[in-house]
Amino acid sequence: MSSSTAGKSIIMVGGPNVGKSHYTFQLYGRLSSKTCGLKLRAMPNQELFQEGLDRLNRGLAAKHTSTAQYDNADLLLTDDEGNDFDLLWPDYGGEQISQMLATRGVDEAWQSRLMSAHGILLFIRPDTILDFKNIVDQPIELELKSRDEKKSESTDCRLTLETQVGLVELLQILLFAGQLNRVTRLSSPKLTILMTCWDEIINPSGTPAKVLQGRLPLLHQFITSNWREDSVNVYGLSALGRSLDKKKPDPEFAKLGPSSQGYVVGTEGKQTEDLTVVLSQLLKPSDAN
Ligand SMILES: Nc1nc2c(ncn2[C@@H]2O[C@H](COP(=O)(O)OP(=O)(O)O)[C@@H](O)[C@H]2O)c(=O)[nH]1
Ligand SMILES: [Mg+2]
């Protein structure tokens, strides 16, 4: 277990294949080139993130993360006011999370992280949420085929993070494990939703919060009825700004360089290249604190 610090901690949570790695590579790039307000104090496993960034420099998507490799992928940071905080990746591969959903079990390490977390950053890739897809664009045969292909990663649980119910169940498990009182709406830990691969969303209807409400109404309802309004933020995230292939390099992306690509759509709908805004926003005190 990592040594305890006085810094605030933010837990990154998300199932497999939602864009966690590419966001982290880009974040690492921004932090290394000091083009953002946050500073990197330490990063175990740094060379693995450099490898990912090197691939982006060549216009290639990174390879799939092997969970074992990224056992410790925490980022220890300092904000522009000199406050330390830790970005925790307890489950970089997203597999422990799927397992939690299958067994409804949370181990002690997760429990203590949740009990002391200042914020939770939840990665969701809206276009992969099954119950949003319509049967015309996504015939069931296609769905079953893709599930078959992913069999090696799957658990024996029917509830997956690719459904709204699965995401709601996961949040319930996390809240219960962290002994987070829900008599009143929560102000802590703050919750930030990152709707990833935003560039893939066709005709997003308004701000990210509106898109969440329109596309994932059940999840939106659960969040708004359990968190105070000033303790939840919803962002659109396109870590790459476009899709990249693992084998065929994108010369334009390579020419422009990863540092000038990728953006966040803020809560008001404005776009910024600063991928760290989602973190600084989480660290800001809300009205309740
Ligand atoms: N279109 C698009 N694709 C992305 C973006 N970020 C990641 N991807 C793709 O989404 C897939 C999953 O990304 P990855 O970061 O490996 O997900 P992880 O399993 O959550 O770490 C990969 O095929 C990436 O190339 C993005 O900003 N836009
Ligand atoms: Mg990954």
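The legends below describe close-up views of a predicted model.

**View 1. Residues surrounding ligand 1 in the predicted model.** The shell around ligand 1 consists of 19 residues. N17, K20, S21, H22 and D199 are the closest of them. Sorted by class, this shell contains six nonpolar, eight polar and five charged residues. Helix 1, which spans residues 20-32, supplies the largest share of the shell, namely three residues.

**View 2. Polar contacts of ligand 1 with K20, R125 and S243.** One oxygen atom of ligand 1 is found 2.8 Å from a polar side-chain atom of K20. The side chain of R125 places an N or O atom 3.3 Å from an oxygen atom of ligand 1. At S243 the backbone is involved: a polar backbone atom of S243 lies 3.5 Å from a nitrogen atom of ligand 1. Ligand 1 taken alone exposes 580 Å², and 92% of that area is buried by the protein.

**View 3. Packing of helix 1 against helix 2.** The axis of helix 1 and that of helix 2 (residues 46-57) cross at roughly 95° and come within 9 Å of each other. Because angles of 65 to 115 degrees count as roughly perpendicular, helix 1 is roughly perpendicular to helix 2. On the side of helix 1, the contact involves H22, T24, F25, Q26, Y28 and G29. Their counterparts in helix 2 are Q46, L48, F49, Q50, G52, L53 and L56. The contact of helix 1 with helix 2 comprises six nonpolar and seven polar residues, with no charged residues.

**View 4. Packing of helix 3 against helix 6.** Helix 3 (residues 95-103) and helix 6 (residues 164-177) have axes 10 Å apart and pack at an angle of about 90°. The two helices, helix 3 and helix 6, are therefore roughly perpendicular to each other. Helix 3 contributes I97, M100 and L101 to the contact, while helix 6 contributes G166, E169, L170, I173 and L174. By class, the residues of the contact between helix 3 and helix 6 are six nonpolar, one polar and one charged.

**View 5. Backbone geometry at R104 and at the S188 to P189 peptide bond.** Most residues other than glycine have a negative phi, and most peptide bonds are trans. R104, which is not a glycine, has a positive phi of about 55°. R104 belongs to the loop between helix 3 and helix 4 (108-116). The peptide bond joining S188 and P189 is cis, with omega about -5°. P189 is located in the loop that lies between helix 6 and strand 6 (190-195).

Conventions
Residues are numbered from 1 along each chain as its sequence is written. Chains are lettered from A and ligands numbered from 1 in the order in which they are written. This is a predicted model: local features need pLDDT of at least 70, side-chain atom pairs count only at pLDDT 80 or more; totals for chains, interfaces and linings use all residues. Side-chain values use heavy atoms; hydrogens and water are left out. A residue is near a molecule or strand if one of its heavy atoms lies within 4 Å of it. A polar contact is a pair of N or O atoms within 3.5 Å; within protein, one must be able to donate a hydrogen and the other to accept it, and residues adjacent in sequence count only if both atoms are side-chain atoms. Accessible areas come from the Shrake-Rupley method with a 1.4 Å probe; for residues, only the protein chains shown count as cover. Helices (H or I, at least four residues) and strands (E, at least two) are DSSP runs, numbered from the N terminus. Ala, Val, Leu, Ile, Met, Phe, Trp, Tyr, Cys and Pro count as nonpolar, Asp, Glu, Lys and Arg as charged, and the others, Gly among them, as polar. Axes are lines fitted to C-alpha atoms, for helices over the stretch in contact, and angles run from 0 to 180 degrees between N-to-C directions. Angles under 35 degrees count as roughly parallel, over 145 as roughly antiparallel, 65 to 115 as roughly perpendicular and the rest as oblique. Contact means heavy atoms within 4.5 Å.
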